[in-house]
Each structure stands twice: as C-alpha cells, then as structure tokens.
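Q: Hi! Could you walk me through this structure while I have it open on my screen?

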Amino acid sequence: MLKMILFAVFAFLSVSLTWPPVSAQDDEQAAADQRKVSVLMRLKNIDVNQKPKLKAVVIRHLGTVSDETEYLAMAERFKLSELNDRLWKIASQSADDNSRARAVGLLMQRSKMEELGRQLLSQAEPAKIIHAIGLVDSRESIGILKSLMTAEKTSAASRNAAAKGLGRQKIGQQFLLELAQSGNLPAECEFTVANILLSSSDDALRGAAAKIMKLPATAGSKPLSPIGQLVKRRGQTENGKKMFQGLGTCANCHLVNGQGKEVGPDLSEIGSKLSRQAMYESILNPSLAVSHNYETFLVETIDGLSYSGILVSQTDEKIVLRTAEAVIKELLKEDLDGMKKSKQSLMPADLQKNFSESDLVDLVEYLMSLTKKRIP
C-alpha cells in the first residue's frame, strides 16, 4: 500500500514540475512573441538591434514565419543580419520573382558590395539570384551586374543572367553595346546580347548593334528574328511534331512519351518546366545552361582516340559515356590520357539552319504542348 502511495505522489510531482506541458508552453511563448512583434512593426522608431531582449523575440518569432511576403516585410522593418541566410534562400529558391527581387534588394542594402559578390558566387545556382538582382532596377544592381559581366570567375550561365538584367535598362544596354564595340564582350554572351540590343526600343542603340552583331540564320541564310519577337508568335503543333521527329533531329537525342533516344533529357513534360522564351534559348543557344546530369565530357585515350558524351557512370576502374548517337562507350581509366568537362552542350548549336523561322515557331509550339498530365 505504501509503495502505491509513494508511486502516486512521485507521478503527481513529475507532472507538476512540467506543467503546463511543453507544447502548451511553446504555444504560449509563440503567441506572446507574435503580439510583441506586431507592436514593434508599428513602432518604427525602435531599433531592435540595440535591444537584445527584443531582438531575441523578433528572431524567435521569425523562425516560425513560413509566409515569404510576411517574412520579407519583417526583415525589411527590423534589418537584422541574422536573417540573411533566409533571405539568400528566398532569393535563390522562391518561385515568385517579386519575393526574390525583394530579398535581393534587402541583401544589397545591408551588405558591402565585395561581401555580396563573394556570397553570390558561393551559391549553388547563382544565375537565379543574378536574375533577381536584375529585377531590382537600381544603380547598385546595375553596378553588380556590370562587374559580373567582366569578372574572370563568372560562369557562362551567370554572365548571361547578368546580361539579361542589364538589358532591362537603357544604361545597361549601352554598357553591353560598348563591350561589343570594344571586342570585350565574352563569347558565351554574344547570342544573348545580340537578342537584347537588336530588340532595343532605342533606335540609336539598335542601329549601332546591327552594324556589329547578328542573330543565327535559318534555312536559306535568312536572319532569325529576335527572341523577343518570336515568343509573341504561335505555331502549328502538328507541324512542330514533324519537325521534332524529322528535320529538327530532336528525336535522335530526346525521348517523348517513350519514343526517341535517351541521350539528353526526357522532354515528355518540358512544356511544364520551361517558359516559351527559355525554350527558344535552349534550342538556339544550348550551351547556355546545361543541366547537371547532361554535361558533356571530352575523353582521350593513350592510343590517340577521342570520345565525347554524357557521363553515365564512373568507378575507380572505368567510365561509361553515352555519345550523341546514344552509343554506350565503356573505357578503362588506365587507358585514358585525359578527361575534362566541356563548356559546350552535346546538342548542336545551329539546328535552326535546317528549317525556316515558321518551322522553328511550330517546333516550340509542339514542345510547349508537352505538359505534365493532370490526374483526374
């Protein structure tokens, strides 16, 4: 009997010492934090950076905020460096361009340009953040984009993203024209910059660019219209499918609903993944942004033979490549003289020469129709 009484007392004390329950305590704390932060949002003259206790409340509360718009509004109000990691995440991963631009704008306000540049280049996919910088439309953002265009370590994808950002402003377009006129425009940006300048609303800029730049030619050497004009057109899906399977040679490397060859990415749902502009860019300038799993490798053997293809697998003993013809090549590493990643895509860069501009529009129309099937 005594043992039962002692057990009951012990159980009661155990519950009392943790009352209210942890979850209830957490809920109470969260509610209190939310009330305090709501008041602080209205009191614009209080700098929480100077008040450690209030700062702790704000940081704790923001850790529970999932809505990007709400988080960005609070980040703008409180200006805490502890929030930068989340801002970088929004800038690089958000599906909303406005949120990404706001996040980048806040980072630009509170970071020195050199530090911002270092952080930017350390990101897994800096081109996405560079695109957001271009949306900020400020003198500071244009300065960052200019430096990225000429920096030695900038990747091709990042340079092109910077060029597109500069192309949004007349002063940015002027900078791109000067690079082209002086011969300092990076080769990997020529296609992007030509599309920007030859589509400029400024007659003088467009005329000056036309003297030194041109776009790829279609069948019969007829110059192609700028992408800005092409995206406004709509084509014939059925003819586009014929182009995909025939003159376009797309089916030689891509699968669509199980038909074709598996060299490049499966395009069965490509219309759900790329915008119309991105579709044109991927066809006309395929080396601009090669997917990680589809990078081309160049290999030479000690016998003087050379191969190029997509790396299927690699072990300590051998590598396996898939060539542009979908042929599998297994090569022993002991037989290799060298292996390096190519900056060029395995996809040909001049496919448009095989057909007319209308055929190209039809091809894109077909690709845009390849969307993810909805489940009833």
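**Sheet, helices and cores**

A: Strand 5 and strand 6 run antiparallel and are joined by five bridges. Here two strands count as paired if DSSP finds at least two bridges between them. Helices (H or I, at least four residues) and strands (E, at least two) are DSSP runs, numbered from the N terminus.

Q: Before we go on, what kind of model is this?
A: This is a predicted model, in which local features need pLDDT of at least 70, side-chain atom pairs count only at pLDDT 80 or more, and totals for chains, interfaces and linings use all residues. Residues are numbered from 1 along each chain as its sequence is written, and side-chain values use heavy atoms, with hydrogens and water left out.

Q: Thanks. Back to strand 5 and strand 6: how many residues sit between them in the hairpin?
A: Five residues lie between strand 5 and strand 6 in that hairpin, and A326 in the turn has a positive phi of about 70°. Across the pair, R322 stands opposite I328 in strand 6.

Q: Is strand 5 mostly covered or mostly open?
A: Mostly covered, as four of the five residues of strand 5 are buried. Buried means under 20% relative accessible area, exposed over 50%, and partly exposed in between, with a 1.4 Å probe and protein chains only.

Q: What does strand 4 do next to strand 5?
A: Strand 4 (residues 306-314) pairs with strand 5 (residues 318-322) in the antiparallel sense over four bridges. Those two strands form a hairpin with three residues between them, and Q314 faces I319 in strand 5.

Q: And which strand order does the sheet have?
A: The order is 6-5-4-3-7, an open sheet of five strands with antiparallel pairing. Strand 6 (328-332) and strand 7 (336-341) are at the edges with a single partner strand each, so one side of each has no neighbour in the sheet. On average, neighbouring strands of this sheet are turned by 40° against each other, direction ignored. For such angles, axes are lines fitted to C-alpha atoms (for helices over the stretch in contact), and angles run from 0 to 180 degrees between N-to-C directions.

Q: Changing topic: at what angle do helix 5 and helix 8 pack?
A: Helix 5 (residues 84-93) packs against helix 8 (residues 126-136) at about 90°, with the axes 7 Å apart. That makes the two helices roughly perpendicular, a label for angles of 65 to 115 degrees; under 35 is roughly parallel, over 145 roughly antiparallel and the rest oblique.

Q: Which residues make that contact?
A: W88, A91 and S92 of helix 5 meet K128, I129 and A132 of helix 8. Contact means heavy atoms within 4.5 Å.

Q: Which residues touch the most others in the largest nonpolar core?
A: M149 and L176 do, among the 54 residues of that core. A nonpolar core is a set of buried Ala, Val, Leu, Ile, Met, Phe, Trp, Tyr and Cys residues joined through side-chain atoms within 4.5 Å. Leaving aside neighbours within four places in sequence, the contacts of L176 include M149, A163 and V193. A second, separate core of 25 residues includes I270, M279, Y366 and M368.

Q: Helix 12 holds A194. Is A194 buried or exposed?
A: A194 is buried, at 1% relative accessibility. Not counting residues up to four places away in sequence, A194 touches M213, K214 and L215.

Q: Last one: where is T249?
A: T249 is in the loop between helix 15 (237-245) and strand 1 (255-256). T249 has a positive phi of about 55° although it is not a glycine, and at 32% relative accessibility T249 is partly exposed.
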